[in-house]
Amino acid sequence: MSLTVNKKVKGKTLILKVKGVLDISTVHVIASYLKEIDHIETLIFDLSDLELIDSTGIGTILNAIYLSQEKHISN
Amino acid sequence: MYKYRPTFTQRERVIDNQQIMDNMDKTLQREINLARNIQMQLLNGKTPEFEGGEVIGSSLPARLIGGDYYDFYPLVNGKIRIVVGDVMGKGIPAAMLMILTRDAFRRVAEITDSPAETLTSMNQALYEDLRTLKSFVTLICADYDPKTGIFTYASAGHHLPLYINGRDKTIKELPKVSGIMLGGLPDQVYKEMSIQLDEQDIIFFYTDGIVEAQNKDGEQYKLERLVQTLLENHEKSVGEIERSVMDSIHQFTQGVPQKDDITMVLLKVSRQKNGY
């Protein structure tokens, strides 16, 4: 049960393609990518290859939205 | 001869450090067990007895301590307020938030007129804390009026309970009512729905730990197995139905440690024998 994140930067847009399991054991992986959003204008999560998400994973996505709002990043 | 003394002292220090670590482990274990006892006592408090129906609830944490929550609150107007919820995360952090949620429910239950108002007030009370703690809680809150049989419910991001019709022996989800999880957005006003319950009807509240319980092959228990178990046992008392569901889950999982807490609450209408 693992999570891989494929990161793409297109101009001022950061795309995080998340594959595998986003749960309590893997959310720290996303957290490390969210430290890099200071200089972007748009954050996109591609969850099309996500196999499973638990409540902690949903919380991490919510936090990414809150963080984006604080930094005036669209998502 | 004294050249070897420092080595011996170092060894002593290693042993001392190991003893300190062992003592810390024992202390931590003892405190976790005490916390578990507190949580289980709060969860398994007095189940209300009332004319016109029966209720029961049970919760099985995946770890020593869980983040699921259910509660009953008999209102002074004779209705029974029921709440079932799932706190984000697992273990001790989720348990701490579960206690926070329980406190909010108990404080607002009597001063709010309906399940939707209860959720609105709870979100108002908890939003800042949950946002600060980067967490959220899904809840379903409902009132059952034993005198009229009217069941009113509201959801804060929790899936809807199952409704078992005692007359035609069918099971379906309650009509949809939407609402975001507590801690999701500020100043939410929740909506509610009502249905008329009849004799032998059952409302089955549950958390996702039931349908997502896994066996050794990684297969999930799923809604279909739950529905089948409820159909086979719906004529029994709520206590017997609860045990049947738990037995069915245990038979399916075969002792495989679960990732999520398993919680259910049952409400069964039995108005005729009580003269309503």
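Which residues of chain A does the UniProt annotation "domain: STAS" cover? Select residues 3-75 of chain A: that is the span given by the annotation, which comes from an unreviewed UniProt entry. Such positions are given in the numbering used here, feature names are shortened, and annotations may be inferred rather than shown by experiment.

Before moving on, some ground rules. This is a predicted model, in which local features need pLDDT of at least 70 and side-chain atom pairs count only at pLDDT 80 or more, while totals for chains, interfaces and linings use all residues. Residues are numbered from 1 along each chain as its sequence is written, chains are lettered from A and ligands numbered from 1 in the order in which they are written, and side-chain values use heavy atoms, with hydrogens and water left out.

**Stop 1: chain A**

Keep residues 3-75 of chain A selected and color by secondary structure: the span is 33% helix and 41% strand, with its end C-alpha atoms 21 Å apart. Helices (H or I, at least four residues) and strands (E, at least two) are DSSP runs, numbered from the N terminus. Trace chain A along the sequence and you'll read β-β-α-β-α. Its radius of gyration (over C-alpha atoms) is 12 Å, close to the 11 Å that the globule rule gives for 75 residues, so chain A is as compact as a globular protein of that length. That rule is 2.2 Å times the number of residues to the power 0.38.

Now pick Lys17(A) and Asp46(A), which form a salt bridge with the closest N and O atoms 3.2 Å apart. The term means a side-chain nitrogen of Lys or Arg within 4 Å of a carboxyl oxygen of Asp or Glu. Lys17(A) sits in strand 2 (residues 13-22) and Asp46(A) in strand 3 (residues 42-53), so the pair ties together parts that are 29 residues apart in sequence.

**Stop 2: chain B**

Select residues 50-269 of chain B, annotated in an unreviewed UniProt entry as "domain: PPM-type phosphatase". Here you'll find 31% helix and 29% strand, and end C-alpha atoms 11 Å apart.

**Stop 3: the interface**

Show both chains: twelve residues of chain B are in contact (heavy atoms within 4.5 Å) with eleven residues of chain A. The two chains bury about 970 Å² between them, 56% of it on carbon and sulfur atoms. Buried area is the accessible area (1.4 Å probe) that two parts lose on being put together, summed over both. On the chain B side, highlight Lys90(B), Arg131(B) and Phe136(B): they lose the most area to chain A, together 42% of what that side buries.

Finish by zooming in on Arg131(B), which forms a salt bridge with Glu70(A), the closest N and O atoms being 3.7 Å apart.
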